[in-house]
Amino acid sequence: MHDDRTLVEARLRRVLDERIRPAVYPESVPLRVAVWHAPGEPVPVAEGLAAEPERIEVGARWGAPWGTSWFRVTGTVPEAWAGKTVETLLDLGFDENMPGFQCEGLVYRPDGSPVKGLNPRNQWVRVGAPAAGGEEVVLHIEAASNPVILDYHPFLPTRLGDKETAGSDPQYTLARMDLAVFDDTVWQLVMDLEVLGELMAELPVDSARRYDILRAVERALDAVDLQDVNGTADRARQQLTAVLASPAVPSAHRVSAVGHAHIDSAWLWPLRETVRKVARTTSNMTALIEDEPEFVFAMSQAQQWAWVKEHRPEVWARVKKAVAEGRFAPAGGMWVESDTNMPGSEAMARQFVHGKRFFLDEFGIENEEAWLPDTFGFAAGLPQIIKAAGSKWLLTQKISWSRTNTFPHHTFWWEGIDGTRIFTHFPPVDTYNCSMKGSELAHAERNFKDKGRARHSLAPTGWGDGGGGTTREMVAKAARLRDLEGSPTVAWETPRAFFRKAEAEYPEAPVWVGELYLELHRATLTSQARTKQGNRRSEHLLREAELWAATAAVRTGFPYPYDELDRIWKTVLLHQFHDILPGSSIAWVHREARATYERIAAELNDIIDAAQRALAADGDRELVFNAAPHSRAGVLAGGAGARRFPQGTSSAPRPAGGFVLANGLLRAEIDAQGLIVSVYDIQADRETIAPGQAANLLQLHQDFPNMWDAWDVDEFYRNTVTDLTDAEKVRAGEDGTSVRITRSFGDSRVTQVLSLPPGERRLVIDTEVDWHETEKFLKLAFPLDLHAERYASETQFGHVFRPTHTNTSWEAAKFEACNHRFVHLAEPGWGVAVVNDSTYGHDVTRTVRADPDRGTTTTVRVSLLRAPRFPDPETDQGVHRFRHALVPGADIGDAVREGWRINQPERHLTGAHEVAPLVTLDNDAVVVTAVKLADDGSGDVVVRFHEAQGGRARATLTASFEVSDVTVTDLLERPLPDAVERAGTSVALRLRPFELVTLRFRRA
């Protein structure tokens, strides 16, 4: 037989596009349309409904950037349509290729009840099935004219990302606004042909199944009268019955479809717009649940659920009903889908505390999975946190974006730094926007790396990023793919149902140890420095506020600010979302974030001040409050007392120019250009700086990645570098024990103060940058006289080791990585820490000495600032202040301690008496990350701590208040069966490396 395959396939494409799809709506009449443009920010629904609109015609331009327009559409169902299915087609000017990234709408009835959302892939609203002839149709559309930021030519700088700079030009052209007859038979034929056509394209060209489908499709096309598609659609469908009924082979891959709409809590739109995106999406999904009995939808991010509850009570009622029916599943158990690299230990724990508690309080549902499909890599401390929150599974697909190495598993056990393992799945469909295309499902089956051992994978199905969710077309395709020869099988299931099956099927899955590093988006560790500083400082202020408020509550009856702390924590957690904290959102988002962090700092400082004054009482004694988890200068951790002042620091001119600072422990030489040419550890008789090199070296790189400007730094940035060695001025500081340096470069200016605190083994570098560069990357380099094959970076509840070499492509890909408060490098018996108060990105490299027989040195470079132009063209412009410290002679315990010191500074107050800590520990290897009152208002004291040095630890934790009971709890402060070795108010601890423990003390 002659091969006419391509002829039939081309015929199918054209007939579908030009004849069958248009016949889904065979009759239509225009609606009357009027519009009212809200003058500023979005208005309440009642106000939008009550506004008097003006007539607007299809084809008119509408919608200033970030504006809200209220459309009223009215019409009458023709008498001839009585008994037919009638829908409105409401096209606001959509581009079907951009669901979630442009204008959207929420449709209301005249009484204010929401109907469903409108987006480029969901433009219809059902009027009647069957409709009544003569029925009057009145609908209102709250339409958001969100501008297109990520256009067909992506990453072009735009001022549209902030309402203050976006202008007022209309963004959209009003398109089709019709009342139309919906022909379900033709629509079903479209679904039949799409599923079979897509499946056929994925089958081997020489397979019998492909030709079975081809001939059935040909017969169906022959059966269609192109001048009477509606009259012949059923006849065409009959030709497809047999090939659609042929069952899948027993070994077919099994796909659990989960209805999904990954909604970025902020990204190319501000937070306030996400509130409305969630309302539109949940309206759509609850409507789809009512229409489709097998469909199941899952939504993560408790914050988004809380927005629906607060802002759209009518939608919330529908959501609650669907949850009760088991059809609308809370997923993930986190407050938001946060970044997991940069949030601190306690903040990462609170993501689960607040997220899981919301779902428990509202629905009585315990989430067992962490749901993070789009987060930019996963810190090695996360498995223990997930387990400590009472969960046990993780889902993401983002690692599939890695550019260098292909991850070897899709289903596996992920082991964290403490040895905790959680069952993890990467959907092989490689998207969280699956639309049930044949190409997507075939890719999932071919791509699945665990074939022969496992057969299940998950497919998050629905339009996401900007929301929208699952469509009726996706549900119809899934129904045809339930059991279809040549395709994976598809069933709608909740995440929980999938994970239970997958774990039962593959209990001996392989193990991956350590961080899940994304080989992409590395610049998110640096972009938008002020946002990152706001996060870091908020985390430490919250810890301090809880500590002093709890101490004051126990000691003095101070009213513990439960509600204020709860609200502030949720605000900080929201801003850890994976496009806010990473710095990849539009200018509007980061402008608001800066203001929010300032407000939070003021509130928390007021709480801290009030609690400390209650503790100190009135008096004239000079007191130092030490919130850090280690004693300082005679003041106990978590207490207040008189500070012990050590011997001072001296400053002297350096013979070759510059200055020498010395404090009896260290001697630092700063040359005439303000570079650190020597830091000598006097006790160890050891030089810190690599020979012939200089630290405190600012280095400037060209930084123009191939794409994803705010997200990415590509390795070729290292090919060109400018060392900023010229100084305008190097002079002694005003206190006589520091050195002040001023430099200028490009349009920017740097002022640094180098100081050597008395009695401390650290050289402090305070850097102020007035930054006005474009597409540049600023680093601060510390070449160290250390031979190190690996180094430690602090992460949640411990640290992770990374190699300094690039033996393999996996190591080479980690050319920019994340740390929290410190990085630490060591040879046996001597090490160096570099600590920071607010930076995350860094790189560590090895250099051969000038004399190749003399081994290697190691350079740590801290990433300070970037200047990408998309999506915020003014990223990081302006004044920034950073504090770093170089700590010679540091072991890992010193690195932990100094990291806390620089982030949790002392506070000075006058009062009547010293303050004893609520709890004390006798081993510095055990670090307390939280002292607080229990969230349930019982007055119990909760203490969270972990082993911080990576070894076994024995310690005794002693409470300084009367205790009636002590229990080990999970992160949600629920009791665990673990035994407690208690003697009075003391608890004996035996901790494994990096073990995290929460204790709850019931006060007598």
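Two strands pair if DSSP finds at least two bridges between them. Strands here are DSSP runs of E, at least two residues long, and helices are runs of H or I, at least four, numbered from the N terminus.

This is a predicted model: local features need pLDDT of at least 70, side-chain atom pairs count only at pLDDT 80 or more, and totals for chains, interfaces and linings use all residues. Residues are numbered from 1 along each chain as its sequence is written, and side-chain values use heavy atoms, with hydrogens and water left out.

Start with strands S30 and S31. Leu 700 has Thr 722 of S31 as its bridge partner. Both strands sit in an open sheet of 6, ordered S31-S30-S36-S43-S42-S39, with antiparallel pairing. Which strands are at the edge? They are S31 (722–724) and S39 (817–818), each pairing on one side only.

Next, a hairpin. S37 (residues 790–795) and S38 (residues 798–803) pair antiparallel over 6 bridges. Thr 795 is bridged to Gly 798. The turn has 2 residues between the strands, and Phe 797 there has a positive phi of about 55 degrees.

Now the helices. An α-helix has 3.6 residues a turn, so residues three or four places apart point the same way.

Last, H17, residues 587–616. Its 30 residues should span 44 Å at 1.5 Å a residue, and its end C-alpha atoms are 43 Å apart, which agrees. That expected span is 1.5 Å times one less than the number of residues. Ala 617 follows H17, with a positive phi near 60 degrees.
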